[in-house]
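Welcome, and thanks for taking a look at this one with us. Below is a short tour, arranged by topic, to read alongside the sequence and the 3D view.

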Amino acid sequence: MKHYDAIIVGAGSMGMAAGYYLAKQGIATLLIDASDPPHQLGSHHGDTRIIRHAYGEGERYVPLTIRAKELWRELEEESGQTLFVQTGVLNAGPAPIPFIQQVRQSAERFSLPMEVLAADELSRRWPGIQVPDDFIGCFEPTSGVLYSEECIRAYRRLALRHGAELLTYERVKEIQARPDGAVVVTGQGAYSCDKLLVSAGAWNPDLLSPLGLSLPLTPTRKTVSWYDADEELYREGRFPAFIFQLPDAAYYGFPSIAWAGVKIGRHDGGLPVHPDELDRTFGTDPADEADTRSFLERFMPRAAGPLRQGRVCLYTFTPDEDFIIDQHPAYRHIVIAAGFSGHGFKFASAVGEAASQLLLHGASVHNLSPFAINRWQREAQG
Ligand SMILES: Cc1cc2nc3c(=O)[nH]c(=O)nc-3n(C[C@H](O)[C@H](O)[C@H](O)COP(=O)(O)OP(=O)(O)OC[C@H]3O[C@@H](n4cnc5c(N)ncnc54)[C@H](O)[C@@H]3O)c2cc1C
């Protein structure tokens with residue numbers, strides 16, 4: 001059986017980044033993926049992901065998103081590719097909503113550039129937007145959009161250049177934890193290692209339960225759509241990426257990049273599903289189009305043109321929508337990166353770095369305490 005310093009099970013957003021940081025330090029690393037990343041079956045497809053820094057989900061994320069951005073810039077330099085476009089990100093909603101308050105607080109606390117605009121200023125600045133009078137907009141000019149599939153492709157190319165091995169179309173069927181390592185069994189073979197990262201996205205519960213970890217992870221069917229839009233109003237360069245936090249729903253979207261149309265998705269809700277049983281046909285649920293179209297008709301009417309395309313994707317929610325990045329409580333040489341709850345991609349570079357540090361040193365320079373496995377036990381006790 002071939003032996004490695006480290007094996008990564010699931011070479012998607014988080015796993016591929018971790019593989020790069022390990023291989024770059026000379027660690028003999030094997031990445032194993034059930035598909036051929038980047039691909040259309042997990043959580044990272046659809047071309048683009050928003051990266052923002054003033055974080056409505058809480059200030060605890062801000063240092064990690066700042067570090068992630070630095071690492072994306074480094075990846076751009078090393079790969080010679082453009083992976084980030086600075087569209088700016090607009091957070092909008094009724095002023096008292098906690099998400100909007102958190103955005104403002106994080107900007108103040110970390111001195112992030114931010115413009116706060118009243119409703120009438122919003123539609124003067126971006127005539128494609130119409131909002132009620134009680135809305136405000138918090139515009140982060142230095143945030144923007146990552147080309148998610150290109151990011152994974154860049155990490156993959158460089159990880160291999162630094163000596164990592166990658167097995168594609170090889171699904172891990174079993175992980176055998178040993179006191180000083182692990183054995184990973186696939187349909188094609190078995191491989192042993194000293195350190196192991198489990199980063200299999202929506203399939204994490206299947207791999208973690210046999211390791212004695214029943215984590216509250218809920219894989220969920222999500223959709224995203226592209227609409228014909230008035231390019232003069234909504235094209236990249238004129239219009240920002242956006243998050244609209246409404247009292248009963250949350251939407252995110254992208255300007256029309258390279259005439260692709262405005263891309264938009266709903267963040268909350270979705271149908272819990274096992275990823276192997278996912279209905280991947282866009283439109284089987286009428287809400288696939290109806291939700292985002294009604295949002296556009298209300299807030300961005302000239303972006304509500306004919307539907308160009310729709311895709312089905314997977315979120316993996318935790319109950320608090322915070323991530324899980326931690327060592328296995330019983331096997332400290334096994335690290336878990338899971339439950340990215342629909343907002344993880346922007347952090348993939350920093351999560352890859354953190355996971356590699358946890359694997360190699362048992363600790364990370366990042367504060368990972370909000371992402372600890374035992375937080376539900378702590379809540380139950382406290
Ligand atoms: C529509 C949509 C929009 C989003 N928008 C944003 C956004 O704007 N900003 C943001 O920051 N985040 C966003 N996210 C969230 C972000 O994309 C995810 O949090 C992130 O991609 C999760 O990464 P992951 O590594 O956990 O999963 P993945 O990238 O899916 O990687 C998991 C990998 O594991 C592999 N795998 C699974 N099982 C096995 C097995 N048994 N053996 C071997 N390999 C296996 C899979 O093939 C896959 O390659 C969005 C997500 C979706 C779906």
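In which loop does Arg-52 lie? Arg-52 sits in the loop between strand 3 and helix 2 (62-79). Please keep in mind that this is a predicted model. The notes below start with that arginine, move on to the ligand and its surroundings, and end with some backbone details.

**Arg-52 and its partner**

- Arg-52 is buried, because its relative accessible area is 4%, and the cut-off for buried is under 20%.
- The side chain of Arg-52 makes a polar contact of 2.9 Å with the side chain of Glu-57.

**Who surrounds the ligand**

- There are 32 residues around the ligand, and the nearest are Ser-13, Asp-33, His-39, Cys-313 and Lys-346.
- Sorted by class, this shell holds 14 nonpolar, 13 polar and five charged residues.
- Three elements each provide at least two shell residues: helix 1 (13-24), strand 3 (48-51) and strand 18 (307-317).
- Strand 18 is the one that contributes most, with three residues in the shell.
- Both domain 1 (2-44 + 149-214 + 321-381) and domain 2 (89-141 + 218-317) give at least three residues to the shell.

**Close approaches to ligand oxygens**

- For Ser-13, an N or O atom of the side chain is 2.7 Å from an oxygen atom of the ligand.
- For Phe-345, a polar backbone atom is 3.1 Å from an oxygen atom of the ligand.
- For His-343, a backbone N or O atom is 3.3 Å from an oxygen atom of the ligand.
- How much of the ligand's area does the protein bury? Taken alone, the ligand exposes 1,000 Å², and the protein buries 96% of that.

**The annotated region**

- An unreviewed UniProt entry places the feature "domain: FAD dependent oxidoreductase" at residues 5-358.
- Over residues 5-358, the chain is 27% helix and 30% strand.

**Backbone details to look up**

- As background, most residues other than glycine have a negative phi, and most peptide bonds are trans.
- The peptide bond from Pro-37 to Pro-38 is cis, with omega near 0°.
- You will find Pro-38 in the loop between strand 2 (29-32) and strand 3.
- Ser-111 is not a glycine, yet its phi is positive, at about 50°.
- Ser-111 belongs to the loop between helix 3 (98-109) and strand 6 (115-118).
- Is Ser-111 buried or exposed? Ser-111 counts as exposed because its relative accessibility is 64%, and the cut-off for exposed is over 50%.
- Glu-321 also has a positive phi, near 60°, in a residue other than glycine.
- Glu-321 is in the loop between strand 18 and strand 19 (324-327).
- With a relative accessibility of 33%, Glu-321 counts as partly exposed.

- How many residues apart in sequence are Leu-90 and Met-300? They are 210 residues apart in sequence, while their C-alpha atoms are 13 Å apart in space.

Note on methods: Residues are numbered from 1 along each chain as its sequence is written. This is a predicted model: local features need pLDDT of at least 70, side-chain atom pairs count only at pLDDT 80 or more; totals for chains, interfaces and linings use all residues. Side-chain values use heavy atoms; hydrogens and water are left out. A residue is near a molecule or strand if one of its heavy atoms lies within 4 Å of it. A polar contact is a pair of N or O atoms within 3.5 Å; within protein, one must be able to donate a hydrogen and the other to accept it, and residues adjacent in sequence count only if both atoms are side-chain atoms. Accessible areas come from the Shrake-Rupley method with a 1.4 Å probe; for residues, only the protein chains shown count as cover. Helices (H or I, at least four residues) and strands (E, at least two) are DSSP runs, numbered from the N terminus. Ala, Val, Leu, Ile, Met, Phe, Trp, Tyr, Cys and Pro count as nonpolar, Asp, Glu, Lys and Arg as charged, and the others, Gly among them, as polar. Domain bounds come from an automatic or database domain assignment. UniProt positions are given in the numbering used here, feature names are shortened, and annotations may be inferred rather than shown by experiment. Buried means under 20% relative accessible area, exposed over 50%, partly exposed in between (1.4 Å probe, protein chains only).
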